[in-house]
Amino acid sequence: MLFCSLLRMFRSLGLFVGLMLVVGVANAVPSTSNFDKLFQPSWAFDHFVHEGDLLKIKLDNYSGAGFGSKSKYMYGKVTIQLKLVEGDSAGTVTAFYMSSEGPNHNEFDFEFLGNTTGEPYSVQTNLYVNGVGNREQRLNLWFDPTKDFHTYSIFWNQRQVVFLVDETPIRVHTNMEHKGIPYPKDQPMGVYSSIWNADDWATQGGRVKTNWSHAPFFATFKNFEINACECPVSVAATDNSKRCSSSVGKKYWWDEPNLAELNLHQSHQLMWVRARHIFYDYCSDTARFPVTPAECVHHRHN
C-alpha cells in the first residue's frame, strides 16, 4: 500500500528523472481527477458542464465562470489538463493560477490568450510578490492547445517557482532574497481557474474583439492534481510556513536537493523555449522598465 502511494507520487512529480526516497508527506493531497474533492465553483454556477470525467466552463455574452480550491497550500505542485477554446477564440482568456489574498498577495499566473481562427494561442505568465506584479512573459506554444488536452503545472518550493507545460519548464523564478529581492514564501495560496472576456487587451492588444456570434466558448478540464502542503485556515501564515518546510523531524519531497534548481535536461528545455517560443519578456522591455528590474539582472533563468 505504501509502495503504491509512493509510486503515484513519483509519477506526478515530473520535475526530475528517477526515483528518490520521500518521507513525511502526510500533508500532501494525493493526485485525483475528482473535481468535487478539491475544488468548488466560485461564480456562474450555471456555466459549468460535467461530461463524465470532463469539466467544461463556459463564456457567453452574459458571463464567464470560475472555480477555486477548497483549501490553500504552501509549496508543492498543482496540475491541470486543459483543452482550450476551439476556433475563433479572440478576446477570451482562460486562466489557471495560484493566489493568496489581500493587497500584498502573492500570485502565479497562466493566462491563455485567445486568437482568431488559424492564429496561434499565446500564453502569458506573470508573478506577483507582495502585491507587485508586472512580470509578464508571453510565448507561443509548440502545439495547438485546442485540439487535445495538455498538462499545465506550477511547482513551488523555498528555492524556486517553475511553470511547466507538458513537464517542460517554460519559466523559472528563483529565490534571491540574499540579494534583497522579495520571494513568495510566507502566504498560503488557493488554486483557481476561470474563463472571461478580455477583448480590451487580450488579442493583438485589444484590436480584435470577441465575436459573440461564435459563443458560447468552452474551456475543458480533466485530471486535477494537487500534491502540496495543505494549510488549515485557522493556522497563522508564519506557522504554516514552518509546518510546510522540512526540518529534522520531517522531510517533504519539494525540499529535496534535486528540486532546488532545474536539472541539466530541464535547463536545456528552458533554453529551447526561450530561444524558439518566447516573444515578450518584461525584462527586455526598456520602454516599460528603463531601469532593468533587479531580478532580471541576477536571474540565470527568467
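**Figure 1. Overview of the predicted chain and its secondary structure.** The chain has 302 residues, of which 54% count as buried. Its secondary structure consists of five helices and 15 strands. Among contacts between residues at least 6 apart in sequence, 69% join residues at least 24 apart. The accessible surface amounts to about 13900 Å², and carbon and sulfur atoms contribute 52% of that area. The count of salt bridges is seven; three of these pairs, Glu167 with Lys77, Arg288 with Glu136 and Arg274 with Asp281, are the subjects of the views that follow.

**Figure 2. Close-up of the salt bridge between Glu167 and Lys77.** The closest N and O atoms of the two residues are 3.1 Å apart. Glu167 belongs to the loop between strand E11 (160-165) and strand E12 (168-174), whereas Lys77 belongs to strand E5 (residues 72-83); the pair therefore ties together parts that are 90 residues apart in sequence. Glu167 has a relative accessibility of 26% and so counts as partly exposed. Lys77, in contrast, counts as buried because its relative accessibility is 2%, under the 20% cut-off.

**Figure 3. Close-up of the salt bridge between Arg288 and Glu136.** The side chains meet with an N to O distance of 3.0 Å. Both partners lie in loops: Arg288 in the one between strand E15 (278-281) and helix H5 (294-298), and Glu136 in the one between strand E8 (122-128) and strand E9 (137-140), so that this pair ties together parts 152 residues apart in sequence. A relative accessibility of 35% places Arg288 among the partly exposed residues. Glu136, at 14% relative accessibility, counts as buried.

**Figure 4. Close-up of the salt bridge between Arg274 and Asp281.** The N to O distance between these side chains is 2.9 Å. Arg274 counts as partly exposed, with a relative accessibility of 29%. Asp281 has a relative accessibility of 8% and therefore counts as buried.

Notes: Residues are numbered from 1 along each chain as its sequence is written. This is a predicted model: local features need pLDDT of at least 70, side-chain atom pairs count only at pLDDT 80 or more; totals for chains, interfaces and linings use all residues. Side-chain values use heavy atoms; hydrogens and water are left out. A salt bridge is a side-chain nitrogen of Lys or Arg within 4 Å of a carboxyl oxygen of Asp or Glu. Helices (H or I, at least four residues) and strands (E, at least two) are DSSP runs, numbered from the N terminus. Buried means under 20% relative accessible area, exposed over 50%, partly exposed in between (1.4 Å probe, protein chains only). Contact means heavy atoms within 4.5 Å. Accessible areas come from the Shrake-Rupley method with a 1.4 Å probe; for residues, only the protein chains shown count as cover.
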